Amino acid sequence: MTIVDIGRLALIIAAPTLIGATVLFAPRWCASVADRWRARRPADPQPIGPPIEQLACDLRRLLRLHGELTASAHLAMRAHRLWAVEAAISVRAVEAARALGLPHPEPEPPATLNRTELGTILHDLADAGLVLPAKVGPFIGDGRY
């Protein structure tokens, strides 16, 4: 028995094991190589919020609803809904200011701005080119009259 014969015998014995290991582990190796390949490439930029057109549309709708609520129903019936609409206006105004790169105050934990901050940010948004209703306010600010 020569060395060539011993090599053939070892290859015959080891071949099924090597083929099985290749079938089992090759997908993991390929996925690992693909992940590393992807990690080397810079990530595509992702938007941090909704498009500015949607923010402007939502702000106009909420400001129109705020004006209707201010001019309608009895004070006790509309107070809570009016406060909720103002909170939604605050959130959308801050998102729009972020999207346009305007300086804006960060809202407190209840996520609402006070009257002056809300009026200021809405006027800044209008000055930056966002089309908003001409008459805005009066805002209640703290949820109470």
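Me: Why is Ile6 called partly exposed?
Reply: Ile6 has 47% relative accessibility. Buried means under 20% relative accessible area, exposed means over 50%, and partly exposed lies in between (1.4 Å probe, protein chains only). So Ile6 counts as partly exposed. The residue sits in helix 1.

Me: Where do these numbers come from?
Reply: The model is predicted: local features need pLDDT of at least 70, side-chain atom pairs count only at pLDDT 80 or more, and totals for chains, interfaces and linings use all residues. Residues are numbered from 1 along each chain as its sequence is written, and side-chain values use heavy atoms, with hydrogens and water left out.

Me: What makes the nonpolar surface patch?
Reply: Met1, Ile6, Leu9 and Ile13 make it, with about 470 Å². Nonpolar side chains (Val, Leu, Ile, Met, Phe, Trp, Tyr) are joined within 5 Å, like charges within 9 Å. Ile6, at 47%, is one of the members.

Me: Why is the aromatic pair of Phe25 and Trp29 called stacked?
Reply: Their centres are 6.3 Å apart, with 25° between the planes. Rings of Phe, Tyr and Trp (its six-membered ring) pair if their centres lie within 6.5 Å; planes under 30 degrees apart count as stacked, over 60 as edge-to-face and the rest as tilted. So the pair is stacked. The structure holds one aromatic pair.

Me: What separates Phe25 and Trp29 along helix 1?
Reply: About one helical turn, because they are four residues apart in helix 1 (residues 3–40). Helices are DSSP runs (H or I, at least four residues), numbered from the N terminus.

Me: What makes the largest nonpolar core a core?
Reply: A nonpolar core is a set of buried Ala, Val, Leu, Ile, Met, Phe, Trp, Tyr and Cys residues joined through side-chain atoms within 4.5 Å. The largest has 20 residues; Leu59 and Ile89 are among those with the most contacts inside it. Helix 2 (52–71), helix 3 (75–100) and helix 4 (115–127) each give two or more residues. Helix 3 gives the most, with seven.

Me: How many of the protein's 145 residues count as buried?
Reply: The share is 23%.

Definitions and conventions. Patches are made of residues with over 30% relative accessible area and no salt bridge: like charges are joined within 9 Å, nonpolar side chains (Val, Leu, Ile, Met, Phe, Trp, Tyr) within 5 Å. Accessible areas come from the Shrake-Rupley method with a 1.4 Å probe; for residues, only the protein chains shown count as cover. A salt bridge is a side-chain nitrogen of Lys or Arg within 4 Å of a carboxyl oxygen of Asp or Glu.
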